[in-house]
Amino acid sequence: MKKERMPRRPTSSIALSFIIAALSAALCGCSSVSQSIEPQPPTAEQKAEQLEPMLAAAGFRMLPADTPQRQQQLSTLVPLDVNYYVGKTGNLHYYMADPDYCKCMYIGTEENYQQYEKIKLNQQFQAKEGEISREDLEAQQMEDMDMQEEMFNPYGLGLVGPMGPAMYW
């Protein structure tokens with residue numbers, strides 16, 4: 001009597017396919033979450049709105065590109081980046097070109113640039129300080145929530161009840 005082979009079920013290939021699909025979906029989900037968490041770099045307009053007031057406060061002068069020749073010269077420079085050149089007398093001169101929004105150039109001296117750096121560092125410090133204070137606030141709120149939960153815990157503090165910690169282990 002010949003034994004009949006039982007037909008093999010394709011469960012292993014189905015399971016493998018399911019695992020691969022699940023891992024692919026998880027990886028896609030993780031990458032989209034990380035993209036939404038990472039801050040987007042500022043647009044050129046946002047960068048201009050941030051830089052121009054700092055440069056003006058530091059004493060840089062704004063020169064409008066009000067002629068076609070000046071506009072052409074302005075378009076050849078790196079936009080929204082503070083650069084410098086050495087003048088004929090050996091002094092450093094700083095500039096920032098904005099060919100798209102104000103269609104102007106900001107020009108300043110070494111002292112103006114040092115003042116700009118101070119303003120920039122001060123803004124970065126204030127932003128970091130605000131971030132730290134938000135984190136402190138969140139930590140305080142979490143601590144308050146934990147304390148409220150403990151107040152309503154019928155067994156006392158944490159895992160220590162009226163009979164001691166061994167009661168719950």
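## Overall layout

The protein has 4 helices and 4 strands. The model is predicted. Read from the N terminus, the elements follow the order α-α-β-α-β-β-β-α. The chain holds 169 residues, and 17% of them count as buried.

Several elements come up again below. Helix 2 covers residues 44-58. Helix 3 spans 68-75, and strand 2 spans 83-86. Strand 3 takes in residues 92-98, and strand 4 takes in 104-108. Helix 4 runs over residues 110-151.

## The disulfide

How many disulfides does a search of the whole structure find? The search finds 1. The disulfide is formed by C102 and C104, and their sulfur atoms lie 1.7 Å apart. The torsion about the S-S bond is about -75 degrees, so this disulfide is left-handed.

C102 is partly exposed, because its relative accessible area of 25% falls between the limits of 20% and 50%. C104 has a relative accessible area of 1%, so C104 is buried, under the 20% limit.

Most residues other than glycine have a negative phi. L80 has a positive value: its phi is near 55 degrees, and L80 is not a glycine. K103 also has a positive phi, about 50 degrees, and K103 is not a glycine either.

Where are L80 and K103 found? L80 is in the loop between helix 3 and strand 2. K103 is in the loop between strand 3 and strand 4. Are they buried or exposed, or partly exposed? L80 is buried, with a relative accessible area of 7%. K103 is partly exposed, at 39%.

A97 belongs to strand 3. The relative accessibility of A97 is 0%, so A97 counts as buried. Its C-alpha atom is 5.7 Å from that of L80, although 17 residues separate A97 and L80 along the chain.

Y94 is another residue of strand 3. Y94 is buried too, with a relative accessible area of 8%. The C-alpha atoms of Y94 and F60 are separated by 8.6 Å. Along the chain, Y94 and F60 are 34 residues apart.

## A56 in helix 2

A56 lies in helix 2. Is A56 buried, exposed or in between? A56 is partly exposed, with a relative accessible area of 45%. That value stays below the 50% limit, so A56 does not count as exposed.

The C-alpha atoms of A56 and Y106 are 8.0 Å apart. In the chain, 50 residues separate A56 and Y106.

## Salt bridges

A search of the whole structure finds 2 salt bridges. One joins R70 and D66, with the closest N and O atoms 3.3 Å apart. R70 is partly exposed, at 41% relative accessibility. D66 has a relative accessible area of 54%, so D66 is exposed, over the 50% limit.

The other salt bridge joins E117 and K120. Here the closest N and O atoms are 3.6 Å apart. E117 and K120 are 3 residues apart in helix 4, so about one helical turn separates them. K120 is partly exposed, with a relative accessible area of 26%.

## A negative patch

Which residues form the negative surface patch? The patch is formed by E143, D144, D146, E149 and E150. E143 has its place in helix 4. At 53% relative accessibility, E143 counts as exposed. Helix 4 also holds E117 and K120, the partners of a salt bridge.

Note on methods:
Residues numbered from 1 in each chain as written. Predicted model: local features only at pLDDT ≥ 70, side-chain atom pairs only at ≥ 80, totals over all residues. Heavy atoms only, no water. Helix = DSSP H or I, 4+ residues; strand = E, 2+ residues; numbered from the N terminus. Buried < 20%, exposed > 50% of the residue type's maximum accessible area, 1.4 Å probe, protein only. Disulfide = S-S within 2.5 Å. Patch = residues over 30% accessible without salt bridge, like charges linked within 9 Å, V, L, I, M, F, W, Y side chains within 5 Å. Areas by Shrake-Rupley, 256 points an atom, 1.4 Å probe, with all protein chains shown as cover. Salt bridge = Lys/Arg side-chain N within 4 Å of Asp/Glu carboxyl O. Lys, Arg positive; Asp, Glu negative; His and termini not counted. Charge placed at Lys NZ, Arg CZ, Asp CG, Glu CD.
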